[in-house]
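Visitor: I am new to this structure. Please take me on a close look at one part of it, and tell me how that part sits in the whole.

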2 protein chains.
Amino acid sequence: MDGDLRLEQKGGVIALERGLSILSAFGNERSALRLTDIAEITGLNKSTILRLCVSLERQGFIKRREDGWFQLGAALFHLGSAYQRSFQIVDVIDPVMQALVNEFNECSTFTVRDGNSVVCLHKVESSQGIRDAGSSIGDRYDLNNGASSQVLRAFSGEDGENFDQIRDTIHATSFGTLYPDAAAIACPLFGMGGDLLGALQLSGPQYRFSETAMAAMKQGLLHAVAGLTRSLGGNTDIYRTNTDNN
Amino acid sequence: MDGDLRLEQKGGVIALERGLSILSAFGNERSALRLTDIAEITGLNKSTILRLCVSLERQGFIKRREDGWFQLGAALFHLGSAYQRSFQIVDVIDPVMQALVNEFNECSTFTVRDGNSVVCLHKVESSQGIRDAGSSIGDRYDLNNGASSQVLRAFSGEDGENFDQIRDTIHATSFGTLYPDAAAIACPLFGMGGDLLGALQLSGPQYRFSETAMAAMKQGLLHAVAGLTRSLGGNTDIYRTNTDNN
DNA sequence: AATTAAGTTTCATGCAATGAAACATTTTAA
DNA sequence: TTAAAATGTTTCATTGCATGAAACTTAATT
């Protein structure tokens with residue numbers, strides 16, 4: 001970045017975006033940054049950063065430690081939790097995910113679509129040493145790879161033969177598209193009105209995702225989302241595949 | 001609020017603080033707000049809000065729904081998760097809290113001090129219908145009431161007879177100080193260098209917190225925090241009460 | 001002691017944040 | 001149905017305040 005946001009934007013407030021860019025500088029795995037780090041990442045002048053940080057700290061969005069390092073503040077955690085809570089689904093879905101993890105002993109994630117991104121809203125870890133540790137709660141990906149992304153795109157109505165197939169079979173799989181050795185299988189979760197809420201996924205190392213294992217997982221996932229939709233007051237017919245007859 | 005931040009502040013950037021105040025408007029249980037709501041809560045001019053929101057939305061901090069309502073954005077969730085992850089302790093402490101909840105069948109919370117606030121970093125719910133549903137992850141309280149607050153204050157070195165007693169017995173209790181019918185018992189958790197990391201608490205309705213029940217909980221909590229401190233590489237002597245002799 | 005780097009404060013300059021006003025649109029009342 | 005009120009949006013002249021270079025103070029390295 002070069003810190004000069006003037007050219008690209010129409011409308012908006014530069015000072016605010018600069019402040020937000022300071023916050024976003026912490027989003028990439030570094031939990032503490034020095035003034036110089038922030039200056040490098042954002043491209044902002046140090047004076048500017050210091051001035052913006054006075055405001056960020058006063059509102060609790062960042063915290064400056066005694067040793068001078070900057071950290072994210074509790075206000076972000078508070079609002080982040082509020083964001084998650086606004087999806088009331090998480091409370092309902094958690095026990096179901098716990099059960100899935102117990103049954104298949106692989107990590108389960110629940111993701112939602114946000115524009116052209118996927119956001120990992122919830123994750124339940126398996127107890128295995130070798131497991132999908134690549135994604136965490138709060139992570140955000142492009143809507144390109146991975147079983148969940150495919151599901152979210154398919155049931156947002158995107159065109160394409162592969163998406164047709166996902167709609168037909170009501171699930172998607174992926175092998176090494178997001179992380180080289182990882183595999184995943186995902187199903188859509190629908191709400192009361194048949195609207196797409198998100199995608200429920202199981203993921204782990206490819207060698208544990210045999211055809212037979214994945215067939216069982218598919219059953220487990222479909223059973224799980226059907227039960228969830230039912231308890232949300234929705235119609236479960238939507239989970240009938242095109243080859244179902246009953 | 002009156003939206004006029006000019007008088008109170010020295011240094012800082014007004015436009016940024018106004019933007020942050022918009023975000024904070026969502027912090028009080030309302031997950032969606034209209035323009036007018038935001039104007040009322042923050043005291044800002046609607047034009048100003050609209051302009052600030054362009055920037056907030058462009059950076060993913062808020063999202064405007066098609067019906068015009070504003071909601072928090074995924075960027076906040078991402079950063080909030082990053083905040084939580086910066087306390088690596090949560091990963092270690094979660095299984096221990098799960099075990100506590102299994103044993104005593106009451107909700108367990110882990111809180112940390114942030115200035116003059118308590119922040120609920122993690123919570124494990126009990127399966128009881130009647131339980132402490134008053135606090136959630138991400139909540140922030142004044143450092144006044146509740147067992148955890150007392151513990152955090154006592155082991156931050158505050159003066160007072162009651163704090164002396166908490167330091168002696170290495171735990172605090174509370175009955176109805178935060179919520180009328182609730183009771184709680186809390187212990188401090190210390191890190192490697194004997195530094196206070198936070199407070200571990202069990203809480204529920206008063207009628208289930210008899211003397212004998214709480215004696216068992218105290219043992220359970222102390223055992224839990226001692227084990228945690230040990231696995232963090234710290235010395236557990238710090239959990240010896242003044243009346244211990246061995 | 002000399003040099004480099006990191007952090008902080010100041011202040012003249014002019015850019016960009018501001019809010020009143022006018023307008024568009026939707027909802028409520030009469 | 002019309003009128004009135006509430007909500008949301010855009011514009012633009014005014015000036016408030018965000019800006020960053022420069023000077024300065026530590027702190028770390030050589």
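Guide: Helices here are DSSP runs of H or I with at least four residues, strands are runs of E with at least two, and both are numbered from the N terminus. This is a predicted model, in which local features need pLDDT of at least 70 and side-chain atom pairs count only at pLDDT 80 or more, while totals for chains, interfaces and linings use all residues. Residues are numbered from 1 along each chain as its sequence is written, chains are lettered from A and ligands numbered from 1 in the order in which they are written, and side-chain values use heavy atoms, leaving out hydrogens and water.

In chain B, B:Ile170 sits in the loop between α7 (161-169) and β7 (172-175). Its phi is near 60°, a positive value in a residue other than glycine. B:Ile170 has 1% relative accessibility, so it counts as buried (under 20% relative accessible area; exposed is over 50% and partly exposed lies in between, with a 1.4 Å probe and protein chains only). Over in chain A, A:Ile170 is likewise in the loop between α7 and β7. A:Ile170 is not a glycine, yet its phi is positive, about 55°. With 2% relative accessibility, A:Ile170 counts as buried.

How do the two chains relate? The same surface serves both, as 100% of the contact residues of chain B recur in chain A, where contact means heavy atoms within 4.5 Å.

Now step back along chain A from the loop. Helix α7 (residues 161-169) packs against helix α6 (residues 147-154) at an angle of about 90°, with their axes 9 Å apart. Axes are lines fitted to C-alpha atoms, for helices over the stretch in contact, and angles run from 0 to 180 degrees between N-to-C directions. That makes α6(A) roughly perpendicular to α7(A), the word for 65 to 115 degrees; under 35 is roughly parallel, over 145 roughly antiparallel and the rest oblique. Where they meet, A:Gln150, A:Val151, A:Arg153 and A:Ala154 in α6(A) face A:Asn162, A:Phe163, A:Ile166 and A:Arg167 in α7(A).

Just after α8(A), A:Gly233 takes a positive phi of about 90°. For contrast, look at A:Gly193, in the loop between β8 and β9 of chain A: A:Gly193 is exposed, with a relative accessible area of 70%.

Finally, the whole chain. Chain A has 8 helices and 9 strands, and 50% of its 246 residues count as buried. Chain A is divided into domain 1 (14-79) and domain 2 (87-239), with bounds from an automatic or database domain assignment. The C-alpha centres of these two domains of chain A lie 34 Å apart.
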